[in-house]
Amino acid sequence: MHGWEFWIDRGGTFTDVIARRPDGALLTTKLLSANPGHYGDAASEGIRRLRGDDPAPIDAVRMGTTVATNALLERSGAPTLLAITRGHRDALLIGHQARPDIFALEIKRPRPLYGAVIEIVERVTAEGDIRQPLDETATATALAAAFTGGYRSIAI
């Protein structure tokens, strides 16, 4: 006999839960992703509702989410700091130079997903050898200043 298996998609609005019972039957439920008056976590609540008080073990829980993707697309996440090796400040802005209209005289780029950049003094080769050691003092100072400036999210 096999145990329960759950597949969960947690979105910004709804959480969908699909379960396979130990006998192979499939069950589904859809819950609000945030419903504080009724439950603390939609995924756990979906499992509880579908499983009930069946004592069979849970063999698998697989969960995906679109919450972070939606935050990026909607630009609704926390202001993000980019920490990058000194000399590469513009690497993400430059990108790969692909343009949908190669002859456009005015190129309109999307605004970057980060609000500020700090350049970190360090260098590691492609082989993993340290070419220039991390300047820990300068890095800590720059990160502290960014924190004071309101940044709580960082991309490295």
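**View 1. Strands β2 and β3 pair antiparallel in this predicted model.** Strand β2 covers residues 14–20. It is joined to β3 by 7 bridges. One of the pairings can be picked out by residue: V17 has T29 of β3 as its bridge partner. Helix α1, residues 42–51, packs on the sheet. This helix touches β1 (4–10), β2, β3 and β4. The direction of α1 makes about 140 degrees with that of β3.

**View 2. Strands β1 and β2 form a hairpin.** There are 3 residues between the two strands. Strands β1 and β2 run antiparallel, and 6 bridges join them. For a residue to look for, take F6: its bridge partner in β2 is A19.

**View 3. Strands β1 and β4 run parallel.** Here 7 bridges link the pair. W7 has R62 of β4 as its bridge partner. In a regular strand, side chains alternate between the two faces of the sheet.

**View 4. The whole sheet is open and has 4 strands.** Follow the order β3-β2-β1-β4 across the view. The pairing is mixed. Strands β3 (26–32) and β4 (58–65) stand at the edges. Each edge strand has a single partner, so one side of each is left without a neighbour in the sheet. From one strand to the next, the twist averages 15 degrees.

**View 5. The largest pocket has a volume of about 510 Å³.** Its lining is made up of 21 residues. Nearest the centre of this pocket lie L92, L93, I94, R109 and P110. Sorted by class, the lining holds 11 nonpolar, 3 polar and 7 charged residues.

**View 6. The second largest pocket has a volume of about 280 Å³.** A set of 14 residues lines this pocket. Those nearest its centre are R75, G77, A78, T80 and L113. Helix α2, residues 67–74, supplies the largest share of the lining, with 3 residues. By class, the lining of the second largest pocket divides into 8 nonpolar, 4 polar and 2 charged residues.

Key
Residues numbered from 1 in each chain as written. Predicted model: local features only at pLDDT ≥ 70, side-chain atom pairs only at ≥ 80, totals over all residues. Heavy atoms only, no water. Pairing = 2+ DSSP bridges. Axes fitted to C-alpha atoms, helices over the stretch in contact; angles between N-to-C directions. Contact = heavy atoms within 4.5 Å. 1 Å grid on protein atoms, 1.4 Å probe; cavity = no way out; pocket = protein on both sides within 12 Å on 5 of 7 lines; lining within 4 Å. Points joined across faces, edges and corners; volume = space filled by probe spheres on them. Nonpolar A, V, L, I, M, F, W, Y, C, P; charged D, E, K, R; others polar.
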